[in-house]
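Subject: A structure to look at

Hi there,

Here is the structure I promised to send over. Have a look at it first, and then read on for what turned up.

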Amino acid sequence: MTMSAGWYLRRLSRMGPREIAGRAGDTVRRRRWRSAPPDCPSVTGARFTSVLPAGTIAEVPPDAVKRLVAEADQLMAGHAEFFGVDRDDLTDPDWFHDPKTGLRAPSGYAFDVPYRDENVAGDIKQIWEPSRHQYLTVLAAAYAVTGDERYAERVAEHLRSWWAANPPLRGVHWISGIELGIRLLSWVWIRRLLDGWPGAAGLFEGNPVALNQIWHHQRWLAAFPSRGSSANNHIIAEAAGQFAAACAFGWFPSSARWRADALRTLERHLRGNTFASGLNRELATEYHGLVLELGLAAVAEADAADVPVPASIRLVLLRMTDALAAIVDNRLRPPRQGDADDGHGLIVDGAGTDRWASLLATGDAVFGRLSWWPAVTGTDVRTPLLAALIRPYAKNGTVTRPSSRPAHFADAGLTILRGPGEIWARCDGGPHGFLSIAAHAHADALSVEVRHDGVDVLADPGTYCYHGQPGWRQYFRSTLGHNTLQLDGGDQSVSGGPFLWTRHARSRVLATDPSDGGVSRWSAEHDGYQRSVHRRRVELTAASHELKVVDEVRGPRRAVQLAFHLGPAIAADLTDNRARLTWTRDGEDRSAVLDLPGQLSWQAHRGETAPPLGWYSAGFGRKEPSTTLIGTGFTDGAEGFTTVLRFRG
């Protein structure tokens, strides 16, 4: 996917004068840096002191160790999966090869590489992901819990290979700040987890090549921060990686300045990226997880290095953790809202470890769980490691935490309705993303997402891809790709191209009563369709296990499409305007009836490609057919369109 001149003009229109000036300076700096990069300052007597406290590894639960070692052994055999593509070449990886397209990214000066053009560079996410070196933190963690030097030696072999193949400012791995930031954080943890290995010091502080790489990564991040309309989760990753490295690898003349600048940036943007309620402003749940992981990792480095951090940082992380505990369903799954690319801040666990349970376990260890938090029964490696470094949260009388489980987040426009039989429903009446470009938003105003005992019944289809497949990208973030209403075949918000929205639908919640028991209610409206207003009401009645959705359109007569996307586990039998839904959960048959508006003509779609319709993406790069029910007609009549979902028993 290459960007047209029109895209760049639209992108420029979303920037303010300060951002434009900053980007102009970046352009000048890139041209100046084209000449040979400077040498890393001389370093003598460097020591790594940010080690884990004695006894930490013994606190890792045995079942978490078992999962970690199993994952590490797969990696040692060269096997890994990135974004739906199975790799078997990780014994000796080619750092520029994309196994999805078979292409190899071109070399040369980093800022000249056309990384957005999949026909030239391949799928850049496939190339970048292994070079975040989070699979190496898994191998390093396996060494830490077993003492088996095979894991440490493989880590060292791959780091030396990467450093040799990626000299400063050469190739695709020196283009994106988020990649450099996360990679630095991985290196810090690799060094920490390998501390008992005799070769650790020679790999890092005693290695001029490693020192040169660490210094140039930090020099790059100090020079090219994400700016203005791009200051979303990327700036958090950049600042967290820079801060972590400046704390743990504080061996350079600029380390103190880099550390102070990164801490200021982290504090400012953690606050800026987070609603007062604790939800992430991008309204993309996976980025809530990413930012929370990055923030916790940064605080761990600060406490390990005895660097004071502003109280506001810990407060934001506390509120983010409480918010996460509030919005998950009974199986600890949060909403599937907005973009998701499977990005993690720190990985030291094996497959099968629940990311969200891990975050809540860490929150319990660091901040203390509240009485209404859901129970966490799983185990993980990361929690005892972070908890060993992060000082317990000092209770402050001026900080008030929720006394009961919040259900409505007014600033984020997100409401959770809960009913018997573990019915969970998310109602979206919030802003269209974050900042002027709303990069990770979907055109999903007033969408609903419904689960029964953790099973997606009315599902948010997900994200699937970012680059290289514009038709699929457009579908998964479109209005028709969500459980909401579309007018005249257009999206509620206007896309200006990849990661860019030029007109944002404005939503507002009109009423909400998400109380447990009885009848829970929510209503909201948006103005995304000019000359018309879409208003939606949702009622969840506990006694009848019934969810009612009423859609009204105020304005001139228009063509309408009403979409309901079913989860991949749901089988649907559609007759006229009634769909009988069946699925299995833990070996038990479950069912529901979906009565659809009779004014519309209904059709089931599944796995269609021209155009895409009837798909579900469980994770980035992965998709599978699912059933989508589409009702078509016109906005005649004042009674609106009523949909009723009744769960059996």
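Let me start with leucine 645, which sits in strand S25 (residues 641-647); strands here are DSSP runs of E with at least two residues, helices are runs of H or I with at least four, and both are numbered from the N terminus. This is a predicted model, so local features need pLDDT of at least 70 and side-chain atom pairs count only at pLDDT 80 or more, while totals for chains, interfaces and linings use all residues. Residues are numbered from 1 along each chain as its sequence is written, and side-chain values use heavy atoms, with hydrogens and water left out.

Leucine 645 is buried, at 1% relative accessibility (buried means under 20% relative accessible area, exposed over 50%, and partly exposed in between, with a 1.4 Å probe and protein chains only). Setting aside residues up to four places away in sequence, its contacts (heavy atoms within 4.5 Å) include Val450, Leu458, Leu547, Leu581 and Val593.

You will find arginine 132 in the loop between helix H5 (124-128) and helix H6 (134-146). With residues up to four places away in sequence not counted, arginine 132 touches Ile178, Glu179, Ile182, Arg183, Ser186 and Gly343.

Now to the salt bridges. Side chains of opposite charge can pair when their charged atoms come close. Taking a salt bridge as a side-chain nitrogen of Lys or Arg within 4 Å of a carboxyl oxygen of Asp or Glu, the count comes to 50.

- Aspartate 261 and arginine 264 pair at 2.2 Å, N to O. Both belong to helix H12 (residues 255-272), 3 residues apart, or about one turn of the helix. Aspartate 261 is partly exposed at 32%, and arginine 264 is exposed at 52%.
- Arginine 331 pairs with aspartate 586, with the closest N and O atoms 2.8 Å apart. Arginine 331 lies in the loop between helix H14 (311-327) and helix H15 (355-367), and aspartate 586 in the loop between strand S17 (578-585) and strand S18 (588-595), so the pair ties together parts that are 255 residues apart in sequence. Arginine 331 is partly exposed at 31%, whereas aspartate 586 is exposed at 62%.
- Glutamate 539 and arginine 521 meet at 3.7 Å, N to O. This pair links distant parts of the chain, strand S13 (residues 533-541) and strand S12 (residues 519-526), with the two residues 18 apart.
- A network of salt bridges links Asp329, Arg333, Arg426, Glu449, Arg451, Asp456 and Asp460.

Finally, how do helix H11 and helix H13 pack? Helix H11 (residues 233-248) and helix H13 (residues 285-304) meet at about 20 degrees, their axes 9 Å apart (axes are lines fitted to C-alpha atoms over the stretch in contact, and angles run from 0 to 180 degrees between N-to-C directions). H11 and H13 are therefore roughly parallel, the term for angles under 35 degrees. Among the residues that meet are Ile236, Ala240 and Phe243 in H11, and Leu290, Leu294 and Ala298 in H13.

Happy browsing!

Terms used: Angles under 35 degrees count as roughly parallel, over 145 as roughly antiparallel, 65 to 115 as roughly perpendicular and the rest as oblique.
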